[in-house]
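Please look at the sequence and the structure first.

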Amino acid sequence: MGPRSFIRNLMLLSLQRSCAVTDESLGAIKILTAYNFLKQNQLKLSALVRYAKNRKKRRWWVRPIFLDRKMAGVWFTLIPVMREFDLDAHFNYLRMTPDSFDWLLQRVEFAITKQSFRREAISAGERLAVTLRYLASGDSQASLSYAFRISDVTVSRIVVETTAAIWFALKDTVFEPLNEDFWRRKSSEFESMWNFPMCVGAMDGKHCFVQKFPMMGSECYNYKFGNSLILFAISDAKYKFIMVDVGSRGRESDGGVFHRSDFGKLFVNRQLCLPPAVFNSEIKCELPYVFLGDAAFPADQHLLRPFDQAPVEVEEMVFNYRLSRARRVIENAFGILAARFRILRSNIIASETLAQNIILACVALHNLHLLREDSIPPRQRIYLPPGYADIYKSNGKFKKGRWRNEHKETARSIFNKLVTQEIPNADVGKAEEVREKFMELFVTEPLPWQCEELPTRF
């Protein structure tokens with residue numbers, strides 16, 4: 001019943017209760033009420049008839065080129081052949097080995113399986129393959145539509161659902177809980193692999209370019225003359241992401257990216273569960289566990305930054321060299337991520353929520369590969385084979401990783417343009433004191449080649 005008929009009937013009911021009406025008047029009121037009700041239904045029925053007559057008829061229920069999906073679609077023709085006879089091609093196409101694909105499918109199958117009573121639904125495996133190919137290649141959804149013989153609207157829905165399923169299925173597996181034992185393990189890895197003691201992670205950010213979101217104005221417009229979302233991350237010594245935060249918009253240039261991230265809030269409130277400082281016998285003092293950042297990050301006793309100005313003292317040069325050498329892990333982590341999942345090398349055409357899910361899904365898959373390959377010999381690894389990341393030879397000489405050949409231009413840190421925002425209640429003097437201690441340690445325990453590298457690097 002519409003609002004007008006409701007008001008009319010209410011008025012008739014009030015009139016009936018307030019006035020002394022005869023039997024003839026009461027009958028007339030009931031007839032009028034019934035007439036209004038039937039008239040309204042008649043108008044609704046006539047409107048539906050007119051809509052049905054004017055509705056455009058479909059040319060077809062399924063586009064003819066999609067009718068032979070099982071005969072010409074990639075999922076039924078190409079992928080089974082690669083899975084059986086060419087594992088390298090299978091990895092290049094989906095960024096997944098068959099074993100990893102099956103393992104992931106078991107984790108997300110319950111969330112992406114569909115049922116239909118009209119026609120056969122697209123299987124969970126095909127949905128996962130469509131999404132992985134979209135992340136690996138960066139192709140348009142229309143291109144995937146023709147390859148898999150699925151409509152572009154369906155491809156869009158598949159990507160939305162499957163990227164979210166990948167993130168929620170993997171986040172608890174690929175990200176470990178933060179506790180003191182966890183930080184101690186990360187510190188030992190940095191010391192053994194990158195000769196930087198007491199370091200638990202290197203932090204930086206990456207611009208993930210997107211097509212301009214509607215009704216956003218210039219909120220995502222960055223200094224690189226494009227729209228982007230910022231991926232802020234902390235990496236361990238093996239290029240695995242410890243923590244990530246996605247959602248800061250490209251125009252943010254006031255140092256708030258760090259402070260608005262979940263990690264920044266935990267860091268400021270001292271809720272990261274870092275172990276207590278450890279006494280160092282070489283310099284006879286205690287050293288705290290630290291993160292590594294560039295000069296735009298705020299000063300803190302648990303965050304080491306390089307010297308801002310061009311260093312003139314040898315000790316400062318040594319400190320900057322050792323810090324930049326260890327911070328190379330986060331640059332490589334971003335480079336490997338974008339080289340493997342090339343959707344991050346193009347403008348992501350999606351809503352803001354979907355763009356965030358795409359970035360998070362790529363990060364989760366990156367960590368998944370590193371975890372699964374950590375227990376096998378380096379020469380048998382496919383995702384991160386020897387020489388794919390930057391390496392330092394035994395004599396200290398630097399050799400660029402192969403992932404750099406897939407990038408025309410290495411993106412600089414996003415924080416080079418940001419204004420430093422200090423941490424509330426931070427003891428800047430304590431931060432400088434900690435940096436001086438590490439500088440003394442690097443001079444006391446030098447690397448055999450570090451003095452030879454100084455003239456060419458600074």
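Which residue of β6 stands opposite Gly 201? The residue opposite Gly 201 is Phe 291 in β6.

## About the model

This is a predicted model, in which local features need pLDDT of at least 70 and side-chain atom pairs count only at pLDDT 80 or more, while totals for chains, interfaces and linings use all residues. Residues are numbered from 1 along each chain as its sequence is written, and side-chain values use heavy atoms, with hydrogens and water left out.

Helices (H or I, at least four residues) and strands (E, at least two) are DSSP runs, numbered from the N terminus.

## The sheet

Five strands make up an open sheet with mixed pairing, in the order β3-β2-β1-β6-β7. The edges are held by β3 and β7 (303–304), each with a single partner strand, so one side of each has no neighbour in the sheet. Two strands count as paired if DSSP finds at least two bridges between them.

Strand β1 covers residues 199–209. Its pairing with β6 (residues 290–292) is parallel, over three bridges. Ala 202 stands opposite Leu 292 in β6. With β2, β1 runs antiparallel, and eight bridges join the two. The bridge partner of Lys 206 in β2 is Leu 231. In β1, 10 of the 11 residues are buried, so the strand is largely enclosed by the rest of the structure. Buried means under 20% relative accessible area, exposed means over 50%, and partly exposed lies in between (1.4 Å probe, protein chains only).

Helix α10 lies across β1, β2, β3 and β6, and runs at about 85° to β1. Such angles run from 0 to 180 degrees between N-to-C directions, and the axes are lines fitted to C-alpha atoms, for helices over the stretch in contact (heavy atoms within 4.5 Å).

Helix α15 has 17 residues and reaches 24 Å from its first C-alpha to its last, close to the 24 Å expected at 1.5 Å a residue. The expected span is 1.5 Å times one less than the number of residues. Among the buried residues of α15 are Val 434, Phe 438 and Phe 442. Arg 435 and Lys 437 are also buried.

## Salt bridges

The structure holds 20 salt bridges. A salt bridge is a side-chain nitrogen of Lys or Arg within 4 Å of a carboxyl oxygen of Asp or Glu. One of them joins Glu 180 and Arg 184, at 3.3 Å from N to O. These two residues are four apart in helix α10 (residues 180–194), and therefore about one helical turn separates them. Glu 180 is partly exposed at 34% relative accessible area, and Arg 184 is partly exposed at 34%.

Another bridge joins Asp 374 and Lys 238, with the closest N and O atoms 3.5 Å apart. This pair links distant parts of the chain, 136 residues apart: Asp 374 is in the loop between α14 (352–373) and β8 (391–392), and Lys 238 is in the loop between β2 (228–235) and β3 (241–249). Asp 374 is partly exposed at 42%, and Lys 238 is partly exposed at 32%.

Asp 390 lies in the loop between α14 and β8, and Arg 404 in the loop between β9 (398–399) and α15 (428–444), so the pair ties together parts 14 residues apart in sequence. Both Asp 390 and Arg 404 are buried. Salt bridges with shared partners join Arg 328, Glu 331, Asp 390 and Arg 404 into one network.
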